[in-house]
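Good morning, and thank you for coming. Please have the sequence and the model in view as I speak.

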Protein chains: 4
Amino acid sequence: MRTTSVGVHKIATKGPGDVSGLMNLIGSGAIDPASILAILGKTEGNGGVNDFTREYAVAALCSALAPKLDLSAEAVEQRIAFVMSGGTEGVLSPHITVFTRQQVQQQPAGISGKRLSIGMAHTRDFLPEELGRSAQITETAKAVTAAMADAGIADPADVHFVQIKCPLLTSERVEAAAARGNKTATTSAYSSMAYSRGASALGVAVALGEIAADIGDQDVLRRYDLFSKVASTSSGIELMHNVVIVLGNSESSASAFEISHAVMSDAIDAAAVLAALGSVGLGARAQADRELVNIFAKAEASPDGTVRGFRHTMLEDTDISSTRHARAAVGGLIAGLAGTGAVYVSGGAEHQGPAGGGPVAVIARLSD
Amino acid sequence: MRTTSVGVHKIATKGPGDVSGLMNLIGSGAIDPASILAILGKTEGNGGVNDFTREYAVAALCSALAPKLDLSAEAVEQRIAFVMSGGTEGVLSPHITVFTRQQVQQQPAGISGKRLSIGMAHTRDFLPEELGRSAQITETAKAVTAAMADAGIADPADVHFVQIKCPLLTSERVEAAAARGNKTATTSAYSSMAYSRGASALGVAVALGEIAADIGDQDVLRRYDLFSKVASTSSGIELMHNVVIVLGNSESSASAFEISHAVMSDAIDAAAVLAALGSVGLGARAQADRELVNIFAKAEASPDGTVRGFRHTMLEDTDISSTRHARAAVGGLIAGLAGTGAVYVSGGAEHQGPAGGGPVAVIARLSD
Amino acid sequence: MRTTSVGVHKIATKGPGDVSGLMNLIGSGAIDPASILAILGKTEGNGGVNDFTREYAVAALCSALAPKLDLSAEAVEQRIAFVMSGGTEGVLSPHITVFTRQQVQQQPAGISGKRLSIGMAHTRDFLPEELGRSAQITETAKAVTAAMADAGIADPADVHFVQIKCPLLTSERVEAAAARGNKTATTSAYSSMAYSRGASALGVAVALGEIAADIGDQDVLRRYDLFSKVASTSSGIELMHNVVIVLGNSESSASAFEISHAVMSDAIDAAAVLAALGSVGLGARAQADRELVNIFAKAEASPDGTVRGFRHTMLEDTDISSTRHARAAVGGLIAGLAGTGAVYVSGGAEHQGPAGGGPVAVIARLSD
Amino acid sequence: MRTTSVGVHKIATKGPGDVSGLMNLIGSGAIDPASILAILGKTEGNGGVNDFTREYAVAALCSALAPKLDLSAEAVEQRIAFVMSGGTEGVLSPHITVFTRQQVQQQPAGISGKRLSIGMAHTRDFLPEELGRSAQITETAKAVTAAMADAGIADPADVHFVQIKCPLLTSERVEAAAARGNKTATTSAYSSMAYSRGASALGVAVALGEIAADIGDQDVLRRYDLFSKVASTSSGIELMHNVVIVLGNSESSASAFEISHAVMSDAIDAAAVLAALGSVGLGARAQADRELVNIFAKAEASPDGTVRGFRHTMLEDTDISSTRHARAAVGGLIAGLAGTGAVYVSGGAEHQGPAGGGPVAVIARLSD
């Protein structure tokens with residue numbers, strides 16, 4: 001019994017404040033604003049601490065959607081999960097991917113197999129001193145389980161991408177912890193982004209049984225052999241809890257889309273990208289009835305300073321942050337193999353895939 | 001009758017001043033210092049005006065080679081062609097490629113077909129007002145013809161990569177021209193690098209018959225439909241003439257190496273990279289007796305602001321120059337397809353391949 | 001007869017989207033939203049082409065003010081002059097300065113001398129091919145005269161700061177001109193910002209009699225001996241006309257504020273900053289009843305590459321744009337002499353003060 | 001009895017590899033190469049991990065001095081203390097300051113008071129796991145005491161600037177420690193620079209009695225109330241020990257120079273800069289027989305994110321490192337007050353002056 005239908009729309013943007021593409025699709029009836037569950041975007045900031053293109057994009061989308069949903073802009077931000085990943089280095093192209101979910105009115109004919117499904121959940125608010133530590137891991141794992149249920153997915157093998165939005169530390173938050181007599185995992189805002197991303201990814205791995213549950217504070221950003229093959233986590237200043245979006249395939253879905261994934265073992269793992277494409281019927285031996293919608297991947301500079309034995313210089317560059325380097329390079333490879341720069345490649349892949357590598361998921365549209 | 005033997009050694013470097021790899025190969029006898037004709041390198045600077053890693057690398061190499069050649073450091077710099085390309089963004093890995101040429105003592109048995117050959121020539125010194133204009137085009141074309149002869153190559157189709165080192169303008173050079181009552185093509189040092197690279201590339205195209213010879217000042221940096229498929233040009237402050245290095249295949253060569261090339265039509269042209277690899281027996285259907293030595297490619301942000309219909313943001317980024325973005329992205333793609341980041345990807349591809357694209361040449365070693 | 005009262009409020013911001021400070025002042029009655037004439041701000045972007053903090057700040061302010069003014073956000077943007085200058089390098093601190101103007105209800109007692117007055121005007125829309133040329137100079141001069149009248153200022157000596165917001169060229173605008181058979185001053189968006197700023201500044205100089213009116217296209221960005229001592233111009237993509245804000249002192253003003261200015265002859269001209277402070281009773285021998293409100297200054301890297309005989313490296317830096325360098329350095333000096341980093345230091349000073357220098361204006365509050 | 005004479009020569013450079021100024025002074029006899037004790041320089045790199053202008057400058061100086069001293073380049077590097085501080089942001093101008101020391105042949109007449117004296121010492125090599133910890137503090141303190149003795153200075157009050165060159169961690173060094181079963185203070189190369197600078201500065205403070213000796217690992221980069229008022233420390237990859245250079249005034253010196261210092265309490269402390277200038281008879285009430293030679297200062301972004309109550313954005317900028325911001329701003333202030341950008345302003349002031357501030361020392365030449 002297929003109960004939900006999930007839609008996916010990739011929309012190019014002319015700038016972080018550009019909402020015209022989405023508004024046009026709403027205007028034409030192609031998207032019912034009430035069905036929008038999540039919007040994942042690539043914005044053209046630096047992807048770092050002072051990347052305001054992310055919040056600007058969210059603000060612009062909320063303002064534009066508010067009258068369509070008859071809500072205040074603030075209420076729109078509560079209702080829809082916005083995940084903006086800053087940084088469109090190299091050939092990467094700014095765009096948003098809009099995920100919609102609706103109840104199926106009528107059982108569709110001719111759909112076989114599992115189809116794209118989406119589920120969401122969130123954790124409680126964290127204390128600053130919990131970020132990057134066990135509490136964040138454990139609570140995230142619970143939320144992943146809840147989001148799987150929301151997506152109608154029982155088998156972890158059917159989960160292909162788990163996008164998480166997680167908090168970071170600011171000076172005020174560090175001080176608030178200190179005022180309580182507690183030390184945070186780090187005092188640097190920039191470093192806290194990595195801690196929060198890392199602990200959140202470990203939470204996914206625990207939930208999906210990819211690693212054992214007995215991990216703790218000391219493993220975060222240290223035990224890089226512990227990782228999830230499907231986690232993609234981004235930290236942002238605007239929240240204190242984790243928002244979890246599970247993307248997978250489910251028999252309860254009547255969607256026209258399918259998702260699958262592979263894991264890049266390093267930043268130049270072309271084979272993994274091709275495998276991910278192939279797993280949904282795309283790539284070299286593409287099926288005629290399949291069309292690429294988007295690719296979701298994480299990139300990072302390998303912490304040991306090398307890629308297949310050759311030194312890289314990303315971690316020593318004081319002019320350009322390593323996350324920008326990594327997105328540019330992995331973005332170049334994926335865009336080359338996918339034939340388009342409008343792909344979602346996000347930086348900071350701590351515990352998301354093996355060290356220096358990362359998950360790569362592909363959504364295809366089936367024209368059946 | 002095979003008269004010369006060309007060697008190619010790719011050597012990883014630990015920093016712009018690191019000469020240990022080359023010194024070890026000289027020490028072990030693997031390289032005869034007297035046979036070194038040219039050294040092309042990737043150094044880890046920003047590749048821009050204030051990239052001092054290029055001159056530092058050349059200074060370190062000249063100092064180290066001087067006692068081996070019984071020459072002063074200055075004389076070494078005159079004798080060997082050093083071309084350092086700054087910028088190892090993303091997965092690109094700093095390295096040098098050393099080209100040697102020696103007379104064949106004894107006719108080798110069992111070599112068939114054309115093999116890697118290298119030839120060099122240089123133009124006369126230019127006046128500052130000649131840079132980026134017809135004079136530079138015409139003189140470069142002559143030098144390319146001379147370098148082909150030096151390489152024992154008669155057919156332009158056997159030329160696969162033409163590396164040129166060309167001058168740029170400084171305030172003093174602009175003023176010297178003004179004192180003669182002449183205006184230079186531009187007064188900006190940064191812009192003059194593009195003019196000089198562009199005119200030099202057009203000179204290659206004229207010499208190889210890729211374009212007609214009736215081009216002039218007004219075509220440089222304007223008629224981007226005019227280009228060479230094998231030119232790779234870099235401008236530097238240290239010279240006032242063009243140094244031309246022709247790489248191709250010749251029956252006069254007894255080398256163990258072969259070179260070929262393709263042209264990337266845009267920055268995500270994976271097919272062209274695969275074609276270049278395939279043309280020397282590498283890539284997907286690699287021959288067992290073939291081994292990749294290095295790839296030489298040019299990258300640039302497409303001037304129209306898009307790649308296959310999607311907007312890129314490289315030209316609007318005030319934080320990172322577009323040449324860095326382009327090297328990172330194209331480097332990511334080529335490294336992914338080649339399986340190594342130790343490849344020579346250089347920025348600034350004016351009239352070197354089509355707008356937004358560039359030449360990609362591959363050298364393979366044959367184990368026959 | 002004092003007819004108007006001008007208010008000035010400097011408000012620190014926590015980010016480009018932070019409007020809480022202004023909203024608090026409106027909530028407490030300290031600012032009547034209907035009296036807001038102009039808002040000048042420093043936002044924490046890079047100040048370059050891809051600085052989206054400027055438009056984000058304007059969008060946030062318009063959204064927040066809309067319900068207070070019973071207007072749409074778009075109408076707010078038409079009504080109030082917003083000038084956001086990106087770049088808070090070094091010790092510079094993000095803030096906005098809100099200028100209000102109201103009719104005086106009752107003649108104040110005890111005010112003597114001229115007081116702060118503000119006037120606004122705008123030019124007609126320009127054609128793209130008029131930007132950076134005589135038409136922009138002439139029309140700007142007319143608008144400056146109109147804004148002086150609006151401010152109740154007759155004597156050019158009473159004008160101490162003229163802030164102008166002017167257009168820039170985009171590819172579409174360049175093409176529109178070409179379609180009419182006309183060439184624009186430049187085809188580069190980045191360069192057009194300088195042309196537009198320069199011509200606008202020359203318009204101020206003409207209006208105030210600082211230079212003769214017989215200047216033309218060929219003088220813009222060339223005759224750097226022609227400049228205004230009070231012009232501060234910023235170009236933005238969102239308009240095709242110039243908005244002119246004149247700040248000076250007038251007998252018609254009943255304001256509690258006074259403004260004066262000096263001209264920095266180079267980027268390290270501490271004496272000029274001290275003179276500007278001294279001219280409104282601040283600085284070393286500060287009067288007890290005077291309080292600093294804000295300083296408005298323009299900064300640039302001297303085009304000849306030196307400051308008082310010593311080489312600077314701002315123009316050769318491919319990692320950081322020279323405007324960022326210049327703001328950081330001049331901001332450090334002014335902040336040190338003023339005792340606060342919350343000052344308005346803006347980059348790009350073409351024809352605004354002498355080459356390498358720029359105007360510096362100070363507003364003081366009198367507690368009489 | 002005056003036994004030594006110390007000379008100070010400030011020499012502008014045209015690039016990191018430019019040694020012509022020094023060679024000219026040696027050629028003219030103004031500098032005896034055998035008397036050179038230390039060279040402190042500002043080079044135009046980014047001042048970060050991948051700033052190769054520092055080692056390039058040292059390599060160029062060693063190569064040029066080698067024949068003058070009849071030593072190998074390597075031996076020159078051992079003999080002379082080279083401290084290159086990368087980063088000439090804003091108006092800062094690349095230059096070197098050459099310190100010479102010679103035995104006095106003949107007692108000079110007419111010198112009264114203490115004069116500039118210089119002393120040097122170095123620690124043993126450190127293990128990677130000792131960097132940023134007690135061992136580095138203790139050993140540095142010993143070396144400072146030794147360098148004071150070498151300078152003929154007994155009273156800590158006569159010490160006005162202690163320049164230290166200290167090691168940093170690299171991946172290999174971190175791994176070497178790990179192989180011994182030991183953890184380093186940090187695994188990040190960039191962070192290790194701060195740890196090493198901080199511990200070295202605390203060593204100075206201990207040696208001079210500025211703080212108690214009972215400090216330990218846990219105080220480094222945490223107890224910012226512990227600091228030296230005269231320490232200036234720079235970390236570099238090329239050594240594993242600390243080199244200590246003490247500058248002060250001594251009765252044993254027959255030098256024409258005098259040094260003094262003040263402490264900037266924050267990055268905009270103009271009063272401290274003026275006090276430092278005044279303390280050697282320079283500045284507003286300059287003595288006719290005094291001439292500025294150079295200013296040596298440390299700059300940093302205040303760790304609490306504010307300067308005198310106003311937020312700065314240096315620590316959140318992912319595009320430009322905070323050390324570059326701080327040097328630009330403090331450099332602008334000092335250059336403005338000194339009247340020249342050829343001053344030595346170095347970044348990274350952990351435990352060197354109070355948090356957000358730093359020492360500022362001035363050397364004046366007396367024409368007696």
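Predicted model: local features only at pLDDT ≥ 70, side-chain atom pairs only at ≥ 80, totals over all residues.

Let me begin with a term: when I say that two residues are in contact, or touch, I mean that they have heavy atoms within 4.5 Å.

I start with the annotated site. Which residues of chain A does the UniProt annotation "active site" cover? According to that record, which is an unreviewed entry, they are A:Lys165 and A:Ser234.

Consider A:Lys165 in more detail. This residue belongs to strand β6 of chain A, which covers residues 159-166. Is A:Lys165 buried or exposed? Its relative accessibility is 12%, and since buried means under 20%, A:Lys165 counts as buried. If we set aside residues up to four places away in sequence, A:Lys165 touches A:Phe82, A:Val83, A:Ser234, A:Glu238, A:Leu239, A:His241, A:Asn242 and A:Val243. Please note that the other annotated residue, A:Ser234, is among them. The side chain of A:Lys165 also reaches the backbone oxygen of A:Phe82, at 2.6 Å.

Now to A:Ser234. Its place is in strand β7 of chain A, residues 231-235. A:Ser234 is likewise buried, with a relative accessibility of 10%. Beyond its neighbours within four places in sequence, A:Ser234 has contacts that include A:Val83, A:Gln163, A:Ile164, A:Lys165 and A:Cys166. A:Arg197, A:Lys298, A:Tyr344 and A:Ser346 are also in contact with A:Ser234. With one of these residues, A:Gln163, there is a polar contact between side chains, at 3.5 Å.

Let me turn to chain B and examine its strand β6, residues 159-166. Why can we call this strand largely enclosed by the rest of the structure? The reason is that 8 of its 8 residues are buried. Which strands does β6 of chain B pair with? One partner is β8 of chain B, residues 243-250, in the antiparallel sense and over 6 bridges. In that pairing, B:Val162 stands opposite B:Val246. Another partner is β7 of chain B, residues 231-235, which runs parallel to β6 and is joined to it by 5 bridges. There, B:Gln163 has B:Ser232 as its bridge partner.

With a relative accessible area of 41%, A:Ala30 is partly exposed. Apart from its neighbours within four places in sequence, A:Ala30 is in contact with A:His9 and A:Leu25.

Next, chain A as a whole. The chain contains 8 helices and 14 strands. Its C-alpha atoms fill a box of roughly 60 × 50 × 40 Å along the principal axes. Of the 368 residues, 65% are buried. Among contacts in chain A with a separation of 6 or more, 81% are between residues 24 or more positions apart.

Finally, I come to the relation between the copies. Chain A is superposed on chain B by a rotation of 179° with 0.2 Å of shift along the axis, at an RMSD of 0.3 Å. That is the relation of a two-fold axis. Which residue of chain A has the C-alpha nearest that axis? It is A:Leu333, at 2.0 Å. The two copies use the same surface, for 100% of the contact residues of chain A recur in chain B.

Chain A can also be laid on chain C, by a turn of 177° and a shift of 0.3 Å along the axis, with an RMSD of 0.3 Å. For this rotation axis, the residue of chain A that comes closest is A:Tyr56, with its C-alpha at 3.2 Å. Here too the same surface serves both copies, and 100% of the contact residues of chain A recur in chain C.

Definitions and conventions:
Residues numbered from 1 in each chain as written. Chains lettered and ligands numbered in written order. Heavy atoms only, no water. Buried < 20%, exposed > 50% of the residue type's maximum accessible area, 1.4 Å probe, protein only. Helix = DSSP H or I, 4+ residues; strand = E, 2+ residues; numbered from the N terminus. Pairing = 2+ DSSP bridges. UniProt positions renumbered as here; feature names shortened; annotations may be inferred. Polar contact = N/O pair within 3.5 Å; in protein donor to acceptor, adjacent residues only side chain to side chain. Least-squares fit on C-alpha atoms with pLDDT ≥ 70 in both.
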